[in-house]
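Here's a quick briefing to read with the model open beside you. Have a look first, then we'll walk through some strands, turns and charges.

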Amino acid sequence: MAELVGPRVYSCCHCRNHVCLHDDIISKAFQGRNGRAFLFSHAMNISMGPKEDRQLMTGLHTVADICCRDCREVLGWKYERAFEESQKYKEGKFIFEKAKIVKENW
């Protein structure tokens, strides 16, 4: 009997709510507030905070913090706008801090 394997997902480190899929990783070479972070094309089961302009390592961006919809843990942020042309590829993408998510179904 073949075993069905679900998608490889990342969950909130506090409540295990599924928040993003491994297949949606764009880059693992990002820096968050608390260490390494991953850039994802999509997110799920999150809520967003207010938009604000924030000076990041790569310049000025309009971002909104993203939180787990269940436990409200801040997991990273969504890039709403990049002011520098070379950073426009980040718009609409999500940063999840590696320390705030855990692998499931690996």
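Predicted model: local features only at pLDDT ≥ 70, side-chain atom pairs only at ≥ 80, totals over all residues.

Residues are numbered from 1 along each chain as its sequence is written, and side-chain values use heavy atoms, with hydrogens and water left out.

**Strands around β1**

- Strands here are DSSP runs of E with at least two residues, numbered from the N terminus, and two of them pair if DSSP finds at least two bridges between them.
- β1 (residues 9–12) pairs with β2 (residues 18–21) in the antiparallel sense, over three bridges.
- The two make a hairpin, with five residues between β1 and β2.
- β1 also runs antiparallel to β9 (residues 101–104), and four bridges join them.
- In that pairing, Ser11 stands opposite Val102 in β9.

**Positive phi values**

- Most residues other than glycine have a negative phi.
- Arg16, which is not a glycine, has a positive phi of about 65°, and you'll find Arg16 in the loop between β1 and β2.
- Arg16 counts as partly exposed because its relative accessible area is 48% (buried means under 20%, exposed over 50%, partly exposed in between, with a 1.4 Å probe and protein chains only).
- Arg72 is another non-glycine residue with a positive phi, near 70°; Arg72 is in the loop between β6 (59–68) and β7 (74–82).

**A positive patch**

- Arg8, Lys28, Arg36, Lys98 and Lys103 form a positive surface patch.
- A patch takes residues with over 30% relative accessible area and no salt bridge, and joins like charges within 9 Å; Lys and Arg count as positive, each charge being placed at NZ of Lys or CZ of Arg.
- A salt bridge would be a side-chain nitrogen of Lys or Arg within 4 Å of a carboxyl oxygen of Asp or Glu.
- Accessible areas come from the Shrake-Rupley method with a 1.4 Å probe.
- Arg36 lies in strand β4 (residues 35–40) and is partly exposed, because its relative accessibility is 44%.
- Arg8 sits in the segment before β1, and its relative accessible area of 36% is why Arg8 is called partly exposed.
- Arg8 and Asp23 are 15 residues apart in sequence, and their C-alpha atoms are 7.6 Å apart in space.

Note on methods:
Patch = residues over 30% accessible without salt bridge, like charges linked within 9 Å, V, L, I, M, F, W, Y side chains within 5 Å.
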